[in-house]
Amino acid sequence: MVSNRSASTLWIMLLTLVSTVATLALACATPYAALAALAATRMRLRDGVLLMAAAWGASQAVGFCVLGYPHRTSTFLWGAVLGLAAIAGVVAARFAAQRIPARHGAVTLAIALIVATIAIKAVVLIGALNLGGVAITLSPSLTFQSFVRNAAFLIGLVGVYHLARRVGVPAPALRAASV
């Protein structure tokens, strides 16, 4: 039998790998809101935060090592903003998801996605106020495109989750172990 810790670590690694492939395919448009929504509804908060940090780290590695991000202070600061935004997304999504009855799985996922998107956008907007890019951050068309991309990615992630569970991958721990 696999321990809760091992199962959670396996899921963090699996979802980070999927996220990295998506980051490469989408030229660094990492689907943080989708990851946050899935993590908020399927993992412990601690593991969700670790997943977001791992996905962020992988995204930064892809950006700087593969996509040739410039090594400028503003680029590094934007990277830090995105890391904070990713973590804020999973924390906010988890907070929202815990307030919805468990029997509403699809509704919970949808609300978690919306809340994660808003939290991520809010942190990015705060970063944009200091680093520039407010107009892009507030662009309705870009926001809509990002939301649709994250919704589609979430559907794919849920499919991967259920497929992995069917072939015997244990579920990650959803609640912290009682002491």
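Biologist: Why does S59 count as buried?

Modeller: The relative accessibility of S59 is 3%, and the cut-off for buried is under 20%. The value falls below that cut-off, so S59 counts as buried. The model is a predicted one, and S59 is placed in helix α3.

Biologist: How far is S59 from L174, along the chain and in space?

Modeller: They are 115 residues apart in sequence, and their C-alpha atoms are 25 Å apart.

Biologist: What describes the packing of α1 and α3?

Modeller: An angle and a distance. Two packed helices are described by the angle between their axes and the distance between the axes. For α1 (residues 4-25) and α3 (residues 45-66) the angle is about 30 degrees and the axes are 9 Å apart. The crossing of this pair is right-handed.

Biologist: Which residues make that contact?

Modeller: From α1 come R5, S8, I12, L15, T16, S19, T20, T23 and L24. From α3 come R46, D47, L50, L51, A54, A55, A58, S59, V62 and V66. Counted by type, this contact has 10 nonpolar, six polar and three charged residues.

Biologist: What meets what between α2 and α4?

Modeller: On the α2 side there are Y32, A36, A39, A40 and T41, and on the α4 side A86, G89, V90, A93, R94 and A97. The residues of this contact divide into eight nonpolar, two polar and one charged.

Biologist: Which residues of α1 and α7 are in contact?

Modeller: W11, L15, V18 and A22 belong to α1, and F153, L157, V160, Y161, A164 and R165 belong to α7. Nine of the contact residues are nonpolar, none is polar and one is charged.

Biologist: Why is α2 described as largely enclosed by the rest of the structure?

Modeller: Because 11 of the 11 residues of α2 are buried. The buried residues are Y32, A33, A34, L35, A36, A37, L38, A39, A40, T41 and R42. Their cover includes α1, α3, α4, α5 and α7.

Biologist: What does L35 touch beyond its neighbours within four places in sequence?

Modeller: L35 is in contact with L15, S19, L51, M52, A55 and L157.

Biologist: Which residues touch the most other members of the largest nonpolar core?

Modeller: The core has 34 residues, and those touching the most other members are W11, L15, L35, L51, M52, L154 and L157. At least two residues each come from α1, α2, α3, α4, α5 (105-131) and α7. The greatest contribution is that of α2, with nine residues. In soluble globular proteins, nonpolar side chains tend to be buried together.

Biologist: How do you know that T137 is buried?

Modeller: Its relative accessible area is 5%. Buried means under 20%, so T137 qualifies. T137 sits in helix α6 (residues 134-137). Leaving out residues up to four places away in sequence, T137 touches K121, V124, L125, A128 and T143. From T137 to I114 the separation is 23 residues in sequence and 16 Å between C-alpha atoms.

Biologist: Why does G127 count as buried?

Modeller: The relative accessibility of G127 is 5%, and the limit is under 20%, so G127 counts as buried. G127 lies in helix α5. Residues up to four places away in sequence aside, G127 touches W78, V81 and G132. The C-alpha atoms of G127 and L82 are separated by 8.7 Å, and the two residues are 45 apart along the chain.

Note on methods. Residues numbered from 1 in each chain as written. Predicted model: local features only at pLDDT ≥ 70, side-chain atom pairs only at ≥ 80, totals over all residues. Heavy atoms only, no water. Axes fitted to C-alpha atoms, helices over the stretch in contact; angles between N-to-C directions. Helix = DSSP H or I, 4+ residues; strand = E, 2+ residues; numbered from the N terminus. Left-handed = near helix turned anticlockwise from the far one by under 90°. Contact = heavy atoms within 4.5 Å. Nonpolar A, V, L, I, M, F, W, Y, C, P; charged D, E, K, R; others polar. Core = buried A, V, L, I, M, F, W, Y, C linked by side-chain atoms within 4.5 Å. Buried < 20%, exposed > 50% of the residue type's maximum accessible area, 1.4 Å probe, protein only.
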